[in-house]
Amino acid sequence: MAPFRIYVGYDSREDIAWQVCRFSLLRHAREPIAVHPLKLTTLRELGLYTRPVDAKASTEFSLSRFLTPYLSGFKGWSVF
């Protein structure tokens, strides 16, 4: 059984929030899960996110969440 994919918004200004979220998800999961951060720098390096930097965005992942279906290969279930 493939793990359930969970994508979590990541903001470099709030790394501890990502760490706590990941820890909590893994600790309380009853089924296998895979937790992935949506790091804007990584998405840019991979050429998956090419929009200009938006100074008005409240978080670094404001728009990157829309990549969730693509990152899942458009197969099965995943959640942001």
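Modeller: We will go through the overall layout, the sheet, a charged pair and the surface. This is a predicted model, in which local features need pLDDT of at least 70, side-chain atom pairs count only at pLDDT 80 or more, and totals for chains, interfaces and linings use all residues. Residues are numbered from 1 along each chain as its sequence is written, and side-chain values use heavy atoms, with hydrogens and water left out.

Colleague: Which elements does the protein have, in order from the N terminus?

Modeller: The order is β-α-β-α-α-β, with three helices and three strands in the protein. Helices (H or I, at least four residues) and strands (E, at least two) are DSSP runs, numbered from the N terminus.

Colleague: How are the strands arranged in the sheet?

Modeller: The three strands make an open sheet in the order β2-β1-β3, with parallel pairing. β2 (33-38) and β3 are at the edges with a single partner strand each, so one side of each has no neighbour in the sheet. Two strands pair if DSSP finds at least two bridges between them.

Colleague: How many bridges link β1 and β2?

Modeller: Six bridges, in the parallel sense, join strand β1 (residues 4-9) to β2. Arg5, for example, has Ala34 in β2 as its bridge partner. Helix α1 (residues 15-28) packs on the sheet and touches β1 and β2. Its direction makes about 170° with that of β2; such angles run from 0 to 180 degrees between N-to-C directions, and the axes are lines fitted to C-alpha atoms, for helices over the stretch in contact. Contact means heavy atoms within 4.5 Å.

Colleague: Why is β1 largely enclosed?

Modeller: Because five of its six residues are buried. Buried means under 20% relative accessible area, exposed over 50%, and partly exposed in between (1.4 Å probe, protein chains only).

Colleague: New topic. Which residue forms a salt bridge with Asp11?

Modeller: Arg13, with the closest N and O atoms 2.6 Å apart. A salt bridge is a side-chain nitrogen of Lys or Arg within 4 Å of a carboxyl oxygen of Asp or Glu. The count by this rule is one.

Colleague: Is Asp11 buried or exposed?

Modeller: Asp11 is buried, at a relative accessible area of 6%, whereas Arg13 is exposed, at 57%.

Colleague: And Val79, where does that lie?

Modeller: Val79 lies in strand β3 (residues 78-79). Val79 is partly exposed, with a relative accessible area of 35%.
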